[in-house]
Each structure stands twice: as C-alpha cells, then as structure tokens.
Amino acid sequence: MNSKMTSSTEQSANQTASGRSLAYAGVVPPDHTHSTQAGPRYVFVFIEVLGCEGGIQSYIKDILTAYASLPSVPPADVFLLRDQITPEAIAPFADGPFRFHGFKSKRSMWERVQLTLSLGVTLLRHRPARVFCGHMNLAPMVSQLCRRLRIPYTVLTYGKEVWQTLPPQ
C-alpha cells in the first residue's frame, strides 16, 4: 500500500525502497483524504511518543496500534508536541490510518504555539467525532478548543497523575 504524506513546512518527498512516498508531517493512506468528508474522524494529541522509549510511550503506541487494528477504522490525525516526524519514526504506523503532525523545536514555547494553531485549524476544518488528549498538561488547551467548537474530547490518564494529587499550577 502506498502511503501519502504531506507537510506544512516541507513539500519535498523521499522514496523508500518499497516505493512509498514520504515527507515529514503525516501518513495518510490514499483512500483517507483530509477534506471535510462525511463520516467520523478522530484526533489524538500527545506530548511525545516517537522520540523516546518509556512506559507512557509504550502505552500510547499500544493505543495507536489497537486503533489501527479496528475494522473500517476512520482516518485519525496524531499531534505530537515534542516529536520530529521522520520516515523511520513512523515506520511502525506507515500502513495505518494516521496522519502525524510533529512540532519539535529548539524553543518549547514555539512548539506549543504551533501545536495549538495546527490543532485549532484541524478541528475547524474537519470537525472530528472526538479528540483524545493523551496528557494532563495538554488538557487545558484541548478543553478550551473542543468546548468552543463543541467537539467531544476525552483525556487519557495514566501514571502518577491518576494516583497522586498534582501540585497546584
């Protein structure tokens, strides 16, 4: 299966040995266009999944793998605050229904601004059926965007934020 990838910052594409067209922002199978098409679509928002390996990253990869294994799965956008999207990083999901958006930058504030703007545009354009927020620190931003646009959202919780009271912010 050929995977079509698009990039807001880089329009050039690389070719893999299997002939897949690769750029650096996302993976979209040809039958999953990113227009305002009928039918549900979903959005996942995480801090970091591809750039390091740990318990939370393994859990998130399990979630994405389980989602991709569902029958007749609708397309999904995956927003990653601190990940750089490369062909190698997304290879395990290359045949899945995902379009990845990475915002890794040397300036953490710039990552947040880019993520917020890109997510906001995606929510306005595509009106997903649900947004899955994968970190407590992203929940205030996701909540504000989704509430204003009346899009249902779910905050996925795991780790110490579930078992311990977080310090006041």
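This report walks through a predicted model of one protein chain, from its overall fold to single residues.

## The model and its numbering

Residues are numbered from 1 along each chain as its sequence is written, and side-chain values use heavy atoms, with hydrogens and water left out. Because the model is predicted, local features need pLDDT of at least 70 and side-chain atom pairs count only at pLDDT 80 or more, while totals for chains, interfaces and linings use all residues.

## Overall layout

The protein chain holds five helices and seven strands. Helices (H or I, at least four residues) and strands (E, at least two) are DSSP runs, numbered from the N terminus. In sequence order, the pattern is β-β-β-α-β-α-β-α-β-α-β-α.

The chain has 169 residues, and 43% of them are buried. Buried means under 20% relative accessible area, exposed means over 50%, and partly exposed lies in between (1.4 Å probe, protein chains only).

## Helix 1

Helix 1 covers residues 55-68. Its 14 residues reach 20 Å from first C-alpha to last, close to the 20 Å expected at 1.5 Å a residue. The expected span is 1.5 Å times one less than the number of residues.

Which residues of helix 1 are buried? They are Q57, I60, L64 and Y67. Seen down the axis of helix 1, these fall within an arc of 85°, so they line one face of the helix. The arc is that of the directions from the helix axis to the C-beta atoms. An α-helix has 3.6 residues a turn, so residues three or four places apart point the same way. On the other side of helix 1, G55 and D62 are exposed.

I56 also sits in helix 1. I56 is partly exposed, at 34% relative accessible area. I56 and Y158 are 102 residues apart in sequence, yet 7.8 Å apart in space, C-alpha to C-alpha.

## Helix 3

Helix 3 spans residues 108-126. It has 19 residues and reaches 27 Å from its first C-alpha to its last, close to the 27 Å expected. Its buried residues are E111, L115, L119, G120, T122, L123 and H126. They cover an arc of only 165° around the axis, which puts them on the same side of helix 3. The face turned away from that buried side carries exposed M109, L117, L124 and R125.

E111 is buried, with a relative accessible area of 4%. E111 and L80 are 31 residues apart in sequence and 9.5 Å apart in space, C-alpha to C-alpha. V113, also in helix 3, is partly exposed at 33%. V113 and L81 are 32 residues apart in sequence and 9.8 Å apart in space, again C-alpha to C-alpha.

## The second largest pocket

How much space lies in the second largest pocket? About 190 Å³. Rolling a probe the size of a water molecule over the atoms shows where empty space is left. On a 1 Å grid over the protein atoms alone, with a 1.4 Å probe, a pocket is an open set of points with protein on both sides within 12 Å along at least five of seven lines. Grid points are joined across faces, edges and corners, and the volume is the space filled by probe spheres set on the points.

Lining residues have an atom within 4 Å of a point. Here they are I47, L81, R82, R112, L115, T116, N137, L138 and M141. Helix 3 gives the most to this lining, with three residues. By class, the lining has five nonpolar, two polar and two charged residues. Ala, Val, Leu, Ile, Met, Phe, Trp, Tyr, Cys and Pro count as nonpolar; Asp, Glu, Lys and Arg count as charged; the others, Gly among them, count as polar.

## A buried aspartate

D77 lies in strand 4 (residues 76-80). Is D77 buried or exposed? At 2% relative accessibility, D77 counts as buried. Its side chain joins that of H101 in a polar contact of 2.8 Å. A polar contact is a pair of N or O atoms within 3.5 Å; within protein, one must be able to donate a hydrogen and the other to accept it, and residues adjacent in sequence count only if both atoms are side-chain atoms.

## Two positive phi angles

Most residues other than glycine have a negative phi. R127 has a positive phi, near 45°. R127 lies in the loop between helix 3 and strand 6 (130-133), and is partly exposed at 42%.

R150 has a positive phi too, near 55°. R150 lies in the loop between helix 4 (139-149) and strand 7 (153-155). With a relative accessible area of 78%, R150 is exposed.
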